Amino acid sequence: MSGMKYNKDTCAVEISVRALCELSAKSGDIGAPVRSLDGFEALRNGAEVHRRLQSEAGGYYSPEVTLSATVLFEGIYYTVSGRADGIIRKEGGGLCVDEIK
C-alpha cells in the first residue's frame with residue numbers, strides 16, 4: 001500500500017494520516033481532482049483566506065505544524081504522521097488543532 005512502510009530503525013509501521021483515512025474509507029479518493037473552473041476559483045479563494053487567517057492569528061498560533069505519534073496496538077508499533085494547518089495555544093495550557101478546509 002502506498003503511504004505505509006515498515007521502519008527497521010524504529011521497528012514501527014509508518015503511515016500518513018491521508019493514507020490511514022483512505023484505508024479506513026476503502027473507497028473513494030479524498031484527493032479527487034476538481035473538475036470545473038469554478039472549483040479552481042473556489043480553491044484559489046480558499047487558499048487566500050487560509051493564508052490571511054494564518055497571518056492574522058497572532059502569537060498564540062503556529063502555522064503548518066508537522067505532527068507525529070507512535071502507539072502500540074496488538075503488539076505492533078504504529079507511527080501516524082501528518083500536518084495541521086496550525087496549532088492554537090490556549091490560555092491555561094490547552095491546544096487546539098486548526099484544520100482549515
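The model is predicted, so local features need pLDDT of at least 70 and side-chain atom pairs count only at pLDDT 80 or more, while totals for chains, interfaces and linings use all residues. Residues are numbered from 1 along each chain as its sequence is written, and side-chain values use heavy atoms, with hydrogens and water left out.

Start with the overall layout. The protein has two helices and five strands. Both kinds of element are DSSP runs, numbered from the N terminus: helices are H or I with at least four residues, strands are E with at least two. Along the sequence the order is β-β-α-α-β-β-β. Of the 101 residues, 17% are buried. Buried means under 20% relative accessible area, exposed means over 50%, and partly exposed lies in between (1.4 Å probe, protein chains only).

Strand 1 covers residues 4-7. Strand 2 covers residues 12-16 and includes E14. The two strands run antiparallel and are joined by four bridges; strands pair if DSSP finds at least two bridges between them. They form a hairpin with four residues between them. In that turn, C11 has a positive phi of about 55 degrees.

Stay with E14. K5 stands opposite E14. The E14 side chain also makes a polar contact with the side chain of N7, at 2.8 Å. A polar contact is a pair of N or O atoms within 3.5 Å; within protein, one must be able to donate a hydrogen and the other to accept it, and residues adjacent in sequence count only if both atoms are side-chain atoms.

Next come the charged pairs. Side chains of opposite charge can pair when their charged atoms come close. A salt bridge is a side-chain nitrogen of Lys or Arg within 4 Å of a carboxyl oxygen of Asp or Glu. The count comes to four. One of them joins E41 and R44, with the closest N and O atoms 2.6 Å apart. Both residues lie in helix 2 (residues 37-56), three residues apart, about one turn of the helix.

E64 and R83 form another, at 2.5 Å between the closest N and O atoms. E64 lies in strand 3 (residues 61-73) and R83 in strand 4 (residues 76-89), so the pair ties together parts that are 19 residues apart in sequence. R83 also meets D85 in a salt bridge (3.1 Å, N to O). E64 is partly exposed at 39%, whereas D85 is buried at 1%.
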